[in-house]
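User: I am new to this structure and would like a short walk through it. Could we begin with how exposure is described?

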Amino acid sequence: MTLLYDFALFCYALLLRLAAPFVPKAAAWVAGRRGLLPRIGAALAADGAPRVWFHCASLGEFEQGRPLMTAYRRAHPGTKIVLTFFSPSGYTVRQDWPGADYVFYLPLDTRANARAFLNAVRPQLAVFVKYEFWYHFLTETRRRGVPAVVVSAIFRPEQVFFKPWGGFFRRILGQLSHIFTQNQASADLLRQHGLTRVSVAGDTRFDTVAATALAPPRPLPLVEAFVADGAPVLVVGSAWPEDLPALGPLLRRYAGRIRVLLAPHEITEGHLGQIEAVLPGQVLRYSQATAATVAGARLLLFDNVGLLSQLYRFGQFAYVGGAFGKGLHNTLEAAAFGLPLFFGPTYGKFQEAVDLVALGCATPVRTAAELETAFARLLADEARRLKMQDQALDYVHQQAGATARIMAALGALNASR
């Protein structure tokens, strides 16, 4: 099975190299790993400080890992943090994050790469955020006696680990020193399959979004001018092209009554043009906005990154994208500001979305008509909106605290070594 695993990864890397001339993300993935291990070795060679290694697949997992990295630095100021990403979308945005001492791409998971990487990094602890269970990296950490844990993990019965033929993948999980799950169902599922080094700690993203909502707001004078007339504000976060057929009719119907802050998931000229076509002449790109022009638009389109979590504080409603495609994006950022949520039908893999729907704080929709009906009902019922606001805020703050629980467990894990 190991040979099949290695062959599959070889084919994956080969396909990315073939796609690189045509696909920017593939090009970034390939370029970022060119000469990677010598660069890692050179960067760390003269640094004798103890190190802990955090790995995040992409930007979403970084947000889950951020509070834990911050807490670890605070508790262990003499320890250096080495942060790795698999995806270019995580690395390119967070490569200069000051909370980590070193930020690299993760080398492809081969036996030789795992040994060379761990020889250079020499971590005292390896922390994987949510998922990405790499066979050779985990095998090598275990061989060296380096504790390796995964945090904010969530598992479902249909995953490959729990299939009758999934023994190889269960053995990968068995290499971990401990698995901290988001919920009890995940912990029970793992134990049913013989994985007992498990505990329920919750989702560290709750700590991130709660802290963001309580922090002093970032000054955004153009946004403040855009919403200054007091019209209801709909914040659209991480929109994909697949969201536009459902979202477009709502935006057109209410163009004269609401203001819209829209942050697409990917900033490409083609996607920005699609959004502008929804409301011709009424969309203003943030990069082109001025104090004199911003009030004249009905939709402020954010053609940059890094502001979405700050935009929710201006809203009364939120639509979160992705659930008409592969999967829903971050709903907790909006919930932390008490915004009632709308999103598409593909949300069942996200525990927080399931919880918010069950609490009545979020409304999944399948069509444009369903979205218009649900939004109209809520727009007309201020008392119901405020009740949903309180429920969302209570949910976020009740779920916070995963970081402290994991930090306490890591302290016990280190003490037992």
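Analyst: A residue is called buried under 20% relative accessible area, exposed over 50%, and partly exposed in between. The model is a predicted one. Arg73 has 25% relative accessibility, so Arg73 counts as partly exposed.

User: What does the side chain of Arg73 meet in a salt bridge?

Analyst: Its partner is Asp101, at 3.0 Å from N to O. The two are 28 residues apart: Arg73 belongs to helix α4, whereas Asp101 sits in the loop between α5 and β3. Asp101 is partly exposed as well, at 30% relative accessibility.

User: How many salt bridges does a search of the whole structure find?

Analyst: The search gives 18. One of them joins Arg253 and Glu372, with the closest N and O atoms 3.0 Å apart. Arg253 is in helix α12 and Glu372 in helix α17, so this pair ties together parts 119 residues apart in sequence.

User: Is Glu372 buried or exposed?

Analyst: Glu372 is buried, with a relative accessible area of 17%. Arg253, in contrast, is exposed at 52%.

User: Changing topic, at what angle do helix α1 and helix α2 pack?

Analyst: The angle is about 115°, and the axes of α1 and α2 lie 8 Å apart. The crossing of α1 past α2 is left-handed.

User: Which residues in α1 and α2 meet?

Analyst: From α1 come Tyr12, Ala13, Leu16, Arg17 and Ala19, which meet Ala26, Trp29 and Val30 of α2. Seven residues of this contact are nonpolar, one is charged and none is polar.

Notes. Residues numbered from 1 in each chain as written. Predicted model: local features only at pLDDT ≥ 70, side-chain atom pairs only at ≥ 80, totals over all residues. Heavy atoms only, no water. Axes fitted to C-alpha atoms, helices over the stretch in contact; angles between N-to-C directions. Helix = DSSP H or I, 4+ residues; strand = E, 2+ residues; numbered from the N terminus. Left-handed = near helix turned anticlockwise from the far one by under 90°. Contact = heavy atoms within 4.5 Å. Nonpolar A, V, L, I, M, F, W, Y, C, P; charged D, E, K, R; others polar. Salt bridge = Lys/Arg side-chain N within 4 Å of Asp/Glu carboxyl O. Buried < 20%, exposed > 50% of the residue type's maximum accessible area, 1.4 Å probe, protein only.
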